[in-house]
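Please look over the sequence and the model below before reading on.

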Amino acid sequence: MSTNELWFTVLGPSGCGKTTLLACMNEYFSRVMKGAFSPEDEATFKKLSDAYARLKLEAEDNNREIIFSGGIEGTDTSQEYPFTLKGTRKNVPVRFFDFPGGWINPRNPEQSSHFEEVSEKTINSSVIMAVINSPYLMQYDGKYKNYAGIDEIEYVIENSLAQSDEDKLIILVPVKCEKYLANERDTEELRETVKRAFARTIKLASISSPYYGKLAIALLPVKTMGNVQLSRFEVRDNEPVQVFRRITGSKFMPEDTDQPLRYAMSFLLEQYKKISSRSKLKSAFNFVFGMGNLDKTIASIREGINENVKGSEIISGRELIGLPDDDGEE
């Protein structure tokens, strides 16, 4: 929450699939809930729509093997993707922030000023989405895991928690994970591998942590293509390159791309319910939810949460997300 806007930060190294995730999310909500949640301007819609079209074209290429070029060419500047939540009396901006991969590395002295921008955005973001390039963690016993940027992502998360006294939702989003959701054994391996990789972050929600009760963590794998899976790695110019193969007879069909936003909206709705005891954000949340009457819009998005998504898990903070406990009570 920042100045009557909802801020979300999307973290991950360059090329991990952040733009692809946002493009698929935009396509879903533009199709299913058009108007309730949509890009704020034509430029944002076009950028994400073009990225989606490019992804679809590559995923449906007649070539048996594919090396994806990515949704949008990387830049040296941060990216903002402004959306609008439509209430009964007011539209409220929702901003997604994405940064060049090098910016999230605090040990890079050349990027110190940029890291300050990353820090400021994440401190003021209610929700942080960590996009995880799954093959880097899963293949060859994690030989290429350093390319997934886990250490950098965890540092940014820890820094944002240390400088904020508000509740936060961390969403771990494995992408390019079709290969690992094919059967129950591989799905469980994906889930446990991601949890081991983010052990430091998960520990922040433990009962011994100062953030206990203030941090929700959800693991939500997303199929951003649906019809391809990793074939192998090739080393080119001393860098690992992922080569994908189309699944015979399958069509481009992203799955569960809506779930991260649904969880985020559910979390924010719970935050609104708590404003009476949280004076710092009381006026801002009253403005966003009360004056805009967004509670019905957000509740309708929340209704589509699917806890049966393969590989998903609410690691901590069910009550912060507003989901029923094991007894069926919120």
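Two strands pair if DSSP finds at least two bridges between them. Helices (H or I, at least four residues) and strands (E, at least two) are DSSP runs, numbered from the N terminus.

This is a predicted model, in which local features need pLDDT of at least 70, side-chain atom pairs count only at pLDDT 80 or more, and totals for chains, interfaces and linings use all residues. Residues are numbered from 1 along each chain as its sequence is written, and side-chain values use heavy atoms, with hydrogens and water left out.

The chain contains 11 helices and 11 strands. Of its 330 residues, 55% count as buried, where buried means under 20% relative accessible area, exposed over 50%, and partly exposed in between (1.4 Å probe, protein chains only). A contact means heavy atoms within 4.5 Å. Among contacts between residues at least 6 apart in sequence, 76% join residues at least 24 apart.

Eight strands make up an open sheet with mixed pairing, in the order β2-β4-β5-β1-β6-β7-β8-β11. Its edge strands are β2 (37–39) and β11 (313–316), each pairing on one side only. On average, neighbouring strands of this sheet are turned by 25 degrees against each other, direction ignored.

Where does β7 stand in the order of this sheet? It lies between β6 and β8. Strand β6 (residues 127–133) runs parallel to β7 and is joined to it by seven bridges, with Leu172 as the partner of Ala130 in β7.

A second open sheet has three strands in the order β3-β10-β9, with antiparallel pairing. Strands β3 (65–66) and β9 (228–236) are at its edges with a single partner strand each, so one side of each has no neighbour in the sheet. Two bridges pair β3 with β10 (residues 239–246) in the antiparallel sense; Glu65 has Arg245 as its bridge partner in β10.

Turning to the helices, Tyr155 lies in α5 (residues 150–162). Is Tyr155 buried or partly exposed? Its relative accessible area is 34%, so Tyr155 is partly exposed. Not counting residues up to four places away in sequence, Tyr155 touches Pro106, Phe115 and Arg200. Arg200 is 45 residues from Tyr155 along the chain, and their C-alpha atoms are separated by 9.4 Å.

Helices α8 (residues 259–273) and α10 (residues 295–302) also meet, and their axes come within 8 Å and cross at roughly 140 degrees. That makes α8 oblique to α10, as angles under 35 degrees count as roughly parallel, over 145 as roughly antiparallel, 65 to 115 as roughly perpendicular and the rest as oblique. Axes are lines fitted to C-alpha atoms, for helices over the stretch in contact, and angles run from 0 to 180 degrees between N-to-C directions. Residues of α8 in this contact include Leu261, Met265 and Leu269, and those of α10 include Ile298, Ala299 and Ile301.
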